[in-house]
Amino acid sequence: MNLAHFLAMGGYAVYVWPCYALAALVIGLNIAAARRSLRSAQRAARRRLEIPREAGTP
Amino acid sequence: MSAERASLASAAGLLMARDLRLAVRRAGDSLLPLGFFLVITTLFPLALDPALSQLRDIAPAALWVGALLSSLLALDLLFRDDGQDGALEQLALCGQPFAGLLLAKTAVHWLLTGLPLVLIAPLAAIALGAPYRAMPGILAAVLLGTICLSLIGAVGAGLTLSLRRNGSLLAILVLPLAVPVLIFGARATALAIAGESLAAPLYLLAAIAVLAATLAPWALAAAVRIGLE
Amino acid sequence: MAWVWFHKFGSPPHFYRLATRLTPWVAWPALLLGLAGLVGGLGLAPADYQQGDGFRIIYVHAPAAWLSLMVYVVMAVSAAVGLIWRMTVAHAVAASCAPIGASFTALALVTGMLWGRPMWGTYWEWDPRLTSELLLLFLYLGYMGLRNAIDDVPRADRASAVLAIVGVVNVPIIHYSVIWWNSLHQAPSVMKFGQPTMPASMLIPLLLMLAAFTLLFAALLLTRARGEVLRRERQARWMLEALGGGAARGGPSAKGALVGPSP
């Protein structure tokens, strides 16, 4: 099983690889969005409670 | 305050009579959805070849899409006035089961907007090429279908009570839930037109109607209470 | 005893701390299982008799579809818990589910279409599974639209909870009606394969991917839910401890960063 054969996916490459790429994209976006959502909530909560920030914290 | 509580039945009866009286005074409001239905079912043949045989094929689709959209439009009438002038709040506080009263309101709403549809639909079907023998089947299907749509739509109307006027949100909420009604109703209509037995989809429609009548009152009461906050 | 545990879990500070500690424990296994599933699915599993290598799309399509449905159920159950027991943590969990579920529903749809193209010849064939997925996406969008339209958060929580419960009751009905509708003309489904049963070499990577996606969802949910809990708490002392002066412990690693600054 060589690399070219693997990448060709028996002729279905144009369907298979975009699927995996899309899955990676959706997973990546979800992770980023979840982290962003948490951090913005933490920032807002800090503002509400007037907690002074230390260097290095978001 | 009387020591004897009025029964739910008499309270509901009073409510329904009052709603009917109010609606009769503004009859135009209730007839608008009907007009909308006729316009939509007219649009389909205009978009296609008016050859009657082809019309007959799309008749179920035209009828049911028209019924769905016009019942969506009619939902605006259900809680609008009472929501605005505080009558809904009074109903919630008056001591009677809120779900029962809301069910009564929905029933009147169906009488005013759903029932005319049931009566007109067979005629619209004929205009779309359906044979006369299909009329009883179409009547039965649209009867059950509009009842389901009124119940499902009422829940959506309750959830969007007092929100910014946004018809698309109500549509997005209600239409996916109405898909089974559309599927079974259109299939029943197609079978009626073809002269075959429409027992299967009709029973399924009836089952949905029973389920909706059982669950919708709870959901309605919860939704409207939340909407009134 | 169970009630004590239940109410403890429902208390925001406990949930926040628990979620923070738990996230790496689901995130790392998710990554490992996913890699194992990929190796098995892309490399070790043999090509299908009928669909050739094209069937390998199942290793992302099926987990995405599984997630789309499972997340909706989690959303509806936590919404119901929030409504009945007036638990903000449950509402926070429900709110977190929606964007995750919607995005994976969309992924299931697109991968389903890409799978269908070589197998059916068209991108869309109105088969019951994909049509149900599409309607599920509409249900998610309606839920998020309703939440978005109500400015007051507790009211949005309660209204969308009613919608989620109504929706989850409808999902089996909608699914059944679509299958019924589709059985009238027997459109082929992508999920059928050449061999009568799936051999272990094909099945095991699938199970690994299903598990990986599920654990990923847990990690995403815990992360988002922490933020949603914070948004719903006004001025609570526990938040001072959790957020005050806490520098991030340890370096940022790919999955560890999901956790964010530790309490």
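Trp126(C) is partly exposed, with 13 other C-beta atoms within 10 Å. That residue is found in the loop between helix 4 and helix 5 of chain C, and its phi is near 55 degrees, a positive value in a residue other than glycine. The model is a predicted one.

**Chain C**

- Chain C has eight helices and zero strands, and along the sequence its pattern reads α-α-α-α-α-α-α-α.
- Of the 263 residues in chain C, 46% are buried.
- Among contacts in chain C with a separation of 6 or more, 80% are between residues 24 or more positions apart.

**Chain A**

- Chain A contains two helices and zero strands.
- Buried residues account for 28% of its 58 residues.
- Helix 2 of chain A covers residues 13–49, which is 37 residues. From its first C-alpha to its last it reaches 53 Å, close to the 54 Å expected at 1.5 Å a residue.

**Which chains touch**

- Two pairs of chains are in contact, and chains A and C share the most contacts.
- Chain A and chain B do not touch, and their nearest C-alpha atoms are 24 Å apart.

**Chain C against chain B**

- This contact takes 22 residues from chain C and 22 residues from chain B.
- On the side of chain C that touches chain B, helix 5 (128–149) and helix 6 (153–182) of chain C each supply at least two residues.
- Helix 6 of chain C gives the largest share of that side, 13 residues.
- Sorted by class, the side of chain C that touches chain B holds 16 nonpolar, four polar and two charged residues.

**Helix 2 of chain A with helix 7 of chain C**

- The axes of helix 2 of chain A and helix 7 (residues 200–232) of chain C come within 8 Å and cross at roughly 20 degrees. Angles under 35 degrees count as roughly parallel, so helix 2 of chain A is roughly parallel to helix 7 of chain C.
- Helix 2 of chain A passes helix 7 of chain C in a left-handed crossing.
- From helix 2 of chain A, the residues making the contact include Ile27(A), Ile31(A), Ala34(A), Leu38(A), Ala41(A) and Ala45(A). Asn30(A), Arg35(A), Ser37(A) and Gln42(A) also take part.
- Helix 7 of chain C contributes residues including Leu216(C), Leu220(C), Thr223(C), Arg224(C), Gly227(C) and Leu230(C).
- The residues of this contact divide into nine nonpolar, five polar and four charged.

**Helix 4 with helix 7 in chain C**

- The axes of helix 4 (residues 88–120) of chain C and helix 7 of chain C come within 8 Å and cross at roughly 130 degrees. That angle makes helix 4 of chain C oblique to helix 7 of chain C.
- The crossing of helix 4 of chain C and helix 7 of chain C is right-handed.
- Helix 4 of chain C brings residues including Val89(C), Ala92(C), Val93(C), Ser96(C) and Ile100(C) to the contact. Helix 7 of chain C brings residues including Phe217(C), Leu220(C), Leu221(C), Arg224(C) and Val229(C).
- By class, the residues of this contact are 11 nonpolar, two polar and three charged.
- Leu220(C) and Arg224(C) of helix 7 of chain C take part in the contact with helix 2 of chain A, and also in the contact with helix 4 of chain C.

**Arg86(C)**

- Arg86(C) has its place in the loop between helix 3 (58–85) and helix 4 of chain C.
- Its phi is near 50 degrees, a positive value in a residue other than glycine.
- Arg86(C) is partly exposed, with 13 other C-beta atoms within 10 Å.

**Gly83(B)**

- Gly83(B) lies in helix 3 (residues 52–85) of chain B.
- Gly83(B) counts as partly exposed because it has 18 C-beta neighbours inside 10 Å.
- Leaving aside neighbours within four places in sequence, Gly83(B) is in contact with Leu88(B), Leu161(B) and Ser162(B).
- Gly83(B) and Ser162(B) are 79 residues apart along the chain, and their C-alpha atoms are separated by 7.5 Å.

Key
Residues are numbered from 1 along each chain as its sequence is written. Chains are lettered from A and ligands numbered from 1 in the order in which they are written. This is a predicted model: local features need pLDDT of at least 70, side-chain atom pairs count only at pLDDT 80 or more; totals for chains, interfaces and linings use all residues. Helices (H or I, at least four residues) and strands (E, at least two) are DSSP runs, numbered from the N terminus. A residue is buried if 20 or more other C-beta atoms lie within 10 Å of its own, exposed if 12 or fewer, and partly exposed in between; C-beta atoms are placed from the backbone. The expected span of a helix is 1.5 Å times one less than its number of residues. Two residues are in contact if their C-beta atoms, placed from the backbone, lie within 7 Å. Ala, Val, Leu, Ile, Met, Phe, Trp, Tyr, Cys and Pro count as nonpolar, Asp, Glu, Lys and Arg as charged, and the others, Gly among them, as polar. Axes are lines fitted to C-alpha atoms, for helices over the stretch in contact, and angles run from 0 to 180 degrees between N-to-C directions. Angles under 35 degrees count as roughly parallel, over 145 as roughly antiparallel, 65 to 115 as roughly perpendicular and the rest as oblique. A crossing is left-handed if the near helix is turned anticlockwise from the far one by less than a right angle, and right-handed if clockwise.
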